Amino acid sequence: DWDPTHDTKLTALAAFLNGLGKGKKALVFSEYKDTVDYLYSHLPEMVEGRVIETVSGSSANPQVLARRFAPVANLELGGLPKGEIEIDILLATDVLSEGQNLQDCDTVINWDLPWTIIPMIQRAGRVDRVGQQASEISVFSFMPQQGLENVILLRKRLGDRLRNNAKIFGAGDR
């Protein structure tokens, strides 16, 4: 039986989210809907005073959730839907990694790492875009457990790909 109280990764995410400043939002991405559901089943009781929601490919209307999460960035679409409350923390699959304006937020968290860098770039691109008011965007990634990381070398592979991408296409501002 899985005991979430012993899930150090979940505990670390909750602690990070609890430490966000007042009015700060976070967008947490996972590749898998099951993972998003797992996080949602535990985070609301671990994170105080925040509205947490999920969005995935099976959500009825992902765009409405995007508007609830980023009403300012989505003013052209009507902003915060009437009768709805604003979302502080959005747990999402990559259904929101393309074509959505989520720049009311400046913190993106990769719960799990994809095998290629493209989804990571797309995820960060939801908040790092025209209209972003924050001077800095923070992107955090949870790494695989050390034993697993030693086997698959995912961190090294992603780092190599990011460096090669920066050499070929140029890096960001810095």
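Being 4 residues apart in helix α2, aspartate 37 and lysine 33 are separated by about one helical turn, helices here being DSSP runs of H or I of at least four residues and strands being runs of E of at least two, numbered from the N terminus. An α-helix has 3.6 residues a turn, so residues three or four places apart point the same way. Aspartate 37 and lysine 33 form a salt bridge in which the closest N and O atoms are 2.6 Å apart, a salt bridge being a side-chain nitrogen of Lys or Arg within 4 Å of a carboxyl oxygen of Asp or Glu. Aspartate 37 is partly exposed, with a relative accessible area of 32%, and lysine 33 is partly exposed as well, at 36%; the scale calls a residue buried under 20% relative accessible area, exposed over 50% and partly exposed in between, with a 1.4 Å probe and protein chains only.

The model is predicted, so local features need pLDDT of at least 70 and side-chain atom pairs count only at pLDDT 80 or more, whereas totals for chains, interfaces and linings use all residues. Residues are numbered from 1 along each chain as its sequence is written, and side-chain values use heavy atoms, with hydrogens and water left out.

Leucine 39 touches Leu10, Leu13, Val28, Pro44, Leu91 and Trp111, leaving aside residues up to four places away in sequence, where contact means heavy atoms within 4.5 Å. In soluble globular proteins, nonpolar side chains tend to be buried together.

Tryptophan 111, one of the contacts of leucine 39, is buried, with a relative accessible area of 6%, and phenylalanine 142 counts as buried at 19%. The ring centres of tryptophan 111 and phenylalanine 142 are 5.1 Å apart and the planes are at 50 degrees, so the pair is tilted. Rings of Phe, Tyr and Trp (its six-membered ring) pair if their centres lie within 6.5 Å, and planes under 30 degrees apart count as stacked, over 60 as edge-to-face and the rest as tilted. This pair links distant parts of the chain, with tryptophan 111 in the loop between β4 (107-110) and α4 (118-125) and phenylalanine 142 in the loop between β5 (138-141) and α5 (146-152), 31 residues apart. The charged end of lysine 9 sits over the ring of tryptophan 111, 4.5 Å from its centre, the criterion being NZ of Lys or CZ of Arg within 6 Å of the ring centre and within 35 degrees of the ring normal.

Lysine 25 is buried, with a relative accessible area of 6%, and its side chain meets that of glutamate 86 in a salt bridge (2.7 Å, N to O). Glutamate 86 is in the loop between α3 and β3 and lysine 25 in the loop between α1 and β1, 61 residues apart.

In α3, 6 of the 8 residues are buried, so the helix is largely enclosed by the rest of the structure. The buried residues are Pro62, Leu65, Ala66, Arg67, Arg68 and Phe69, and what covers them includes β1, β2 (52-55) and β3.

Arginine 68 is buried, with a relative accessible area of 8%, and its side chain meets that of glutamate 84 in a salt bridge (3.6 Å, N to O); salt bridges that share partners join Glu53, Arg68 and Glu84 into one network. Arginine 67 is buried yet has no salt bridge, and the nearest side chain of opposite charge, glutamate 84, is 9.0 Å away, with Lys and Arg counted as positive, Asp and Glu as negative, and His and the chain ends not counted. Arginine 67 touches Asn74, Leu77, Gly78, Gly79, Leu80 and Pro81, not counting residues up to four places away in sequence.
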